[in-house]
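Subject: Structure handover, with notes on helix packing and salt bridges

Hello,

Here is the structure for you to look through. My notes follow below it.

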Amino acid sequence: MRIAQVAPLTEAIPPQLYGGTERVVSWLTEELVELGHDVTLFASGDSQTSAKLEPMWPRSLRMDDTVRDPMALHISMLEQVRRRAGEFDILHFHLDYFPFSVFSRQPTPFITTMHGRLDLPEHQTVFDSFAAVPVISISDAQRRPLPQARWLKTIHHGLPAGLLEPRAVKPAYLAFLGRIAPEKAVDQAIGIAQRCGLPIKIAAKVDPADREYFEHDIRPLLKLPGVEYIGEISDSEKSDFLSGAIGLLMPITWPEPFGLVMIEAMACGTPVLAYSAGAVPEIVEHGLTGFIVANEQEAAGAVPRLATLSRQRIRARFEERFTARRMAEDYLKVYRQMAESHEPRLRVVKG
């Protein structure tokens, strides 16, 4: 198939460090190419891909402090994709609802994977207006606030089977991975570790929007005994970081649309200890790949049980459920259905 992948310009594909959506786009693109498809990636010029790269801006916007209006560049990219739409069998967007209006008015089939939260009141307006636009959810939980949307399928994320692997080390600490923000509740992760008398290592980025929260609420907690703040880490560092953990803590306080760090932990055979919110019950199999709890007290009580879970079985469940190959094959089924439904049919004209 001739497939266009249209990515955010915020990060390179793949991102140098943090960037959940951009990493998923990269993994999907590479798998589609590996499966023999003709893939064009619309992304920033510093992206690395085996697909055909169409650079929409020389550098990812996070790395280019000269850009003050990123929306202008995204609008320009959408117009360039529209002009070339006829070259493709399917257009796959990763830009939330931005393509809805323009691409509803052209003939090439398109889908949009919704990567973010969808429970805000303003989302109702968008999906009421574009109820016919085909969309993909990354969890069943993500789609619940918007039953009126045209959901085609839930496709859970997947990562390359060989990207992260278990290391032969003795687990010695609790881990927090990802991003420091109020909804990620690293303060509760620290609280869980303190209750258990265990060290915790925090590998996470701080966005500019969350800098004040970090300085006021989190930095003082980093002085507590056993708390180590590592900062942002790359994929090449994650196998060692996660393999050395007794468990990954995910005490989220928001409806997490997916939670990529959970399957990263599973890839390393590391169990996940998470609050029951958003997609967590779809990803974590309670008593098999981790434990789902309600609060700090329950989490602290479950920490000793993490060692009873088989890390080999956790890795096996990752391979069964969350690889990039499975993700790509799921998307291909949708692509083919969309392309077939848009194929022009010959009409028999009676003379």
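The buried residues of helix H8 pack against helix H1 (20-34), strand S8 (173-179), strand S9 (200-205), strand S11 (245-250), helix H9 and helix H12 (311-321). H8 covers residues 235-243, and its buried residues are Lys238, Ser239, Phe241, Leu242 and Ser243. Buried means under 20% relative accessible area, exposed means over 50%, and partly exposed lies in between (1.4 Å probe, protein chains only). Helices (H or I, at least four residues) and strands (E, at least two) are DSSP runs, numbered from the N terminus.

This is a predicted model, in which local features need pLDDT of at least 70 and side-chain atom pairs count only at pLDDT 80 or more, while totals for chains, interfaces and linings use all residues. Residues are numbered from 1 along each chain as its sequence is written, and side-chain values use heavy atoms, with hydrogens and water left out.

Now Glu264. This residue sits in helix H9 (residues 260-267). Glu264 counts as buried because its relative accessibility is 0%. Neighbours within four places in sequence aside, Glu264 is in contact (heavy atoms within 4.5 Å) with Arg23, Leu159, Leu164, Leu177, Asp235, Lys238 and Leu242.

Next, the salt bridges. The criterion is a side-chain nitrogen of Lys or Arg within 4 Å of a carboxyl oxygen of Asp or Glu. By this rule there are 28 salt bridges.

- Lys238 and Glu264 form a salt bridge at 3.0 Å, N to O. The pair links distant parts of the chain, with Lys238 in helix H8 and Glu264 in helix H9, 26 residues apart. Lys238 is buried, since its relative accessible area is 5%.
- Arg167 and Asp240 form a salt bridge at 2.9 Å, N to O. This pair also links distant parts of the chain: Arg167 is in the loop between strand S7 (150-154) and S8, Asp240 is in helix H8, and they are 73 residues apart. Arg167 counts as partly exposed because its relative accessibility is 36%. Asp240 is partly exposed, with a relative accessible area of 45%.
- Arg326 and Asp330 form a salt bridge at 3.1 Å, N to O. Both lie in helix H13 (residues 324-342), four residues apart, about one turn of the helix.

Salt bridges with shared partners join Glu285, Arg313, Arg317, Glu320 and Arg321.

Best wishes
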